[in-house]
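Here is a short tour for someone meeting this structure for the first time. Keep the sequence and the 3D view open while reading.

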Amino acid sequence: MKRSLKSAILIPFIVVFFITFIGITSIQIYKFEQQSRMLGEKKILSITNNIKTKLDNFLKETMHFGMVIGNVIASNEYNKGHDISNVQDYLHSTVTDVYHLLPQVEVVGFGSSSADYVGFRKGENGDNQLILKDSRTKGRLTFYSGDSVSSDALMTVNNYDPRNRPWYLSVLEAKNPIWSTLYTSIDVYNKTNSTISASIPINNKSGDIDGVVSLDINIEQLINFMLKLKSEYDATVYIFNDNGELISNSGSDNISNVNYSRGGITLDPVIIKSLQHISDFKNHTFDKVVKYKTHVGDEGFYNSITPYAAEGTEDFRWYIGVSVSQSSLLEVSVENRILSWLIGLSICTIGLWIVAYHINKIIYPIELTIEAADMLASGHKIGKIKNDGEIKEIQTLVNSFNRMSLKIERTIDKLKNQAFHDDLTKLYSKAGLIDSYQKIKDKKGTLLVFSISTFKNINDSLGYEKGDLVLKEVANRLTKFSEEDSLIARIDGGKFALLSPRELDFRQSKTYAKSIKQFLTERLIIDGVEVAFRISVGVVTDIQDYSGIEQCLRNASVALSDGQKGQGRISHFSREMLEKIEHKTQMCADIKHGIDNHEFTPFYQPIVELKTGEVVGAEALARWISPKLGMVPPDRFIPIAEESGFIDQLGELILLQACSDITNGIAEGKWTDDFKMHVNISVLQLSRSSFLTSLQDIMNSTQVNPNNLSLEITESGLAENKGIFNRNLEAIIAMGIHVSIDDFGTGYSSLSYLQELDFDCLKIDRAFISTLTEDNFDSSLTAMILNISKTIDTYVVAEGIETETQAKLLNRLDCQFGQGYFFGKPAPYECWNY
């Protein structure tokens, strides 16, 4: 059944629809924008011009009057000698005219360079009220109810300094007449007044500033004017300065001296949006008119920011903002809408026709390609796709797919061959054996896994090339011997598997394996060198009884591992083998858990001087107290710990605790100062280059005296290990730590080698002690060992003493020390009472 190409048809349709929709919408928006923008610009220009005219009246005339007042004060030297009484008289005669001509002026004042101040403010009843700070007011700024000092004082301000006021500081910086920044003025009526001041410097003959004349503007009148404009033009207007401070706006009945972005005032959302747009610019200074559009909710607004500079003040700059809603300018005509929809409908029709035309050109080759891709993904081989399309891109796609599918098929064949066959021997690989077995209908037979024992030694001694030749020859011999229907594979380095279709019982399979083994190990000469090796065999019969060939291979490997304990053996798989491995695996996990949770602890067995019966030392014996398994005997976990590599951590744990206990035991008086603690060290531990560092860390942390510590090493370890083992051993002796040879007599160390190292003690294995009798004690191996100890100047500890008779016989042989159950069983530190 052919797959649907709805998605291939739907996507072009949607694209055409959106193109049409966008086209119609764009035409409508374009026409509306064009018309509304032109009307908006005209309206904004008219409002801006009105504001400019008002500002000229507010600012230019105010600055002009201020400069006239300043010139009069300067030319007549009214402030000479830091006496501002003449300035007071002059201002008193002038302010009435100023307030009449300039109703926006709130206060006319003068601040001297000596921090004196005099001014007159417009009272609520139209009268003039004196504001004074000089020697007459004892340096306090005083607000009077009338125009003289004889009037009642309404309010006084301490620590007032006109030189710190914005209107004074701005002049000091500019050195010319200037408008101050927006600031909050001091009001006797406790009102919060936002004020700007026309500030005019009064210079002396030296050109220094002796004082500043200020005319404070009442912003309230400017706000009322803007509210009137908003009502008349249905527009939002506002004014701000270079610092982003909002001077006046039509969105609120009052204005506080704060930046709009800090809150604290109620603003029209249109103003907030417009100012946020402007604040995105790093520099708020504009030399030209800035126009932009904003949106508040669903409503669009045309905005204009026009710079305004007051005449005669170069540094003064304000900005006039006007925002006009788009809906108030123009309603879109019905005719334009119909025209737009007709155009859009035409575009849709044309687009759909184009889609219908091209679908037939596209659909067929794409369907073929999709079907071929599905088959290729499912692992099927496909032929070449017919390519008779007329569209260039589709032809390219089909041609590319044909080339790609051919390369994929070749690559898959190559990878399968590599994965399923061994490059060296040309036999099946493990994956190839599994794949071939799955294709067999009658899954019966016998599986044999052959392993070349010590194959690594062959590679190391003869080289990898000759090792490869050995593998090839073994593969050839195995192929020659096997039946025609057998499956042969190289499953690992020196391991081969033979799956015979014959159902063999235990006896038959053993005979069969023995025959193959004999044939494989026949004389083999590689490049003139005779190569001898042994073969171990793991056998699994009745393979049909298992879940698959993978399980059979695992079981054969289990049998092979058991057989390699005696190399060259033939071993049949049994359930007990698997249980044994599973037990060992579980024990490894339990040992690791026990180490992590400090379940291993040393028990101490006393070492006694045989002549006196005095306890002179102890041997630390590892004990495992498991919450899960209880008390686990050492012979159950020590071999597994050594085999799995946990013996390092286990030995370090026991050594650390033993060193800590000997230090504490001597300090507490439990043991004498010359008490000697014997601790077993495994061959694996002593063969590690990091052992010395670990030992030194333990000694440093426990502060153990090296003279109280004796490390026991088995004699077999001395015979089998050299290199790092010997270097570590010599370093231990150099540290002042005693060394004992454990289980002496069971290994193969020579006397000359023993004499090379400074050993302190030989420990006779319990096997020799158990054979001592009255009849043989003087001719026993124990007597021989004691005689040997005298030649190498060491003392002897006899292990495994269980009877009084054994102790007496050893004493007669001049054995110095003994250890065993006769003297005491191993006990933890807390229970030591010997």
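## Helices H17 and H19

Start with two helices that pack together. Helix H17 covers residues 691-702, and helix H19 covers residues 724-734. The crossing of H17 past H19 is right-handed.

Which residues meet here? From H17 come Phe691, Leu692 and Leu695. From H19 come Asn728, Ala731 and Ile732. By class, this contact has 5 nonpolar residues, 1 polar residue and no charged ones.

## The model as a whole

This is a predicted model. The protein chain has 834 residues, and 47% of them count as buried. The chain holds 23 helices and 30 strands.

## A sheet of five strands

Next comes an open sheet of 5 strands. What is the strand order? The strands run E11-E10-E14-E13-E12, and the pairing is antiparallel. Strand E11 (246-249) and strand E12 (290-296) form the edges, each pairing on one side only. From one strand to the next, the twist averages 20°.

Strand E13 spans residues 299-308, and strand E14 spans residues 318-325. These two antiparallel strands are joined by 8 bridges. Look for tyrosine 302: its bridge partner in E14 is valine 324.

Helix H4 (residues 219-233) touches strand E10 (236-241), E11 and E14. The direction of H4 makes about 45° with that of E11. Helix H5 (residues 269-279) touches E10, E11, E12, E13 and E14. The direction of H5 makes about 130° with that of E12.

Move on to strand E25, residues 676-680. Is this strand enclosed or open? Of its 5 residues, 4 are buried, so E25 is largely enclosed by the rest of the structure.

E25 pairs with strand E23 (residues 615-626) through 4 bridges, and the two run parallel. Alanine 618 stands opposite methionine 677 in E25. Another 4 bridges join E25 to strand E26 (residues 709-714), again in parallel. Here valine 679 has leucine 711 in E26 as its bridge partner.

In general, strands of a sheet pair through backbone hydrogen bonds, either parallel or antiparallel.

Aspartate 674 sits in the loop between helix H15 (647-667) and E25. Is aspartate 674 buried or exposed? Its relative accessible area is 53%. The cut-off for exposed is over 50%, so aspartate 674 is exposed.

What does aspartate 674 touch? Leaving aside its neighbours within four places in sequence, aspartate 674 contacts Val616 and Asn708. Asparagine 705 lies 31 residues away along the chain, yet its C-alpha atom is separated from that of aspartate 674 by 9.8 Å.

## Helices H13 and H14

Helix H13 covers residues 575-596, and helix H14 covers residues 634-644. Their axes are 10 Å apart, at an angle of about 85°. Angles from 65 to 115 count as roughly perpendicular, so that is how H13 stands to H14.

On the H13 side, the contact is made by His583, Lys584, Met587, Cys588 and Ile591. On the H14 side, Arg636, Phe637, Ile640, Ala641, Glu643 and Ser644 take part. This contact has 6 nonpolar, 2 polar and 3 charged residues.

## Helices H9 and H10

Helix H9 (residues 455-462) and helix H10 (residues 464-481) form another pair. Their axes come within 7 Å and cross at roughly 135°. H9 and H10 are therefore oblique to each other.

Phe455, Ile458, Asn459 and Leu462 in H9 meet a group in H10. That group is Tyr464, Lys466, Gly467, Val470 and Leu471. By class, the contact of H9 with H10 has 6 nonpolar, 2 polar and 1 charged residues.

Conventions. Residues numbered from 1 in each chain as written. Predicted model: local features only at pLDDT ≥ 70, side-chain atom pairs only at ≥ 80, totals over all residues. Heavy atoms only, no water. Pairing = 2+ DSSP bridges. Axes fitted to C-alpha atoms, helices over the stretch in contact; angles between N-to-C directions. Contact = heavy atoms within 4.5 Å. Buried < 20%, exposed > 50% of the residue type's maximum accessible area, 1.4 Å probe, protein only. Left-handed = near helix turned anticlockwise from the far one by under 90°. Nonpolar A, V, L, I, M, F, W, Y, C, P; charged D, E, K, R; others polar. Parallel < 35°, antiparallel > 145°, perpendicular 65-115°, else oblique.
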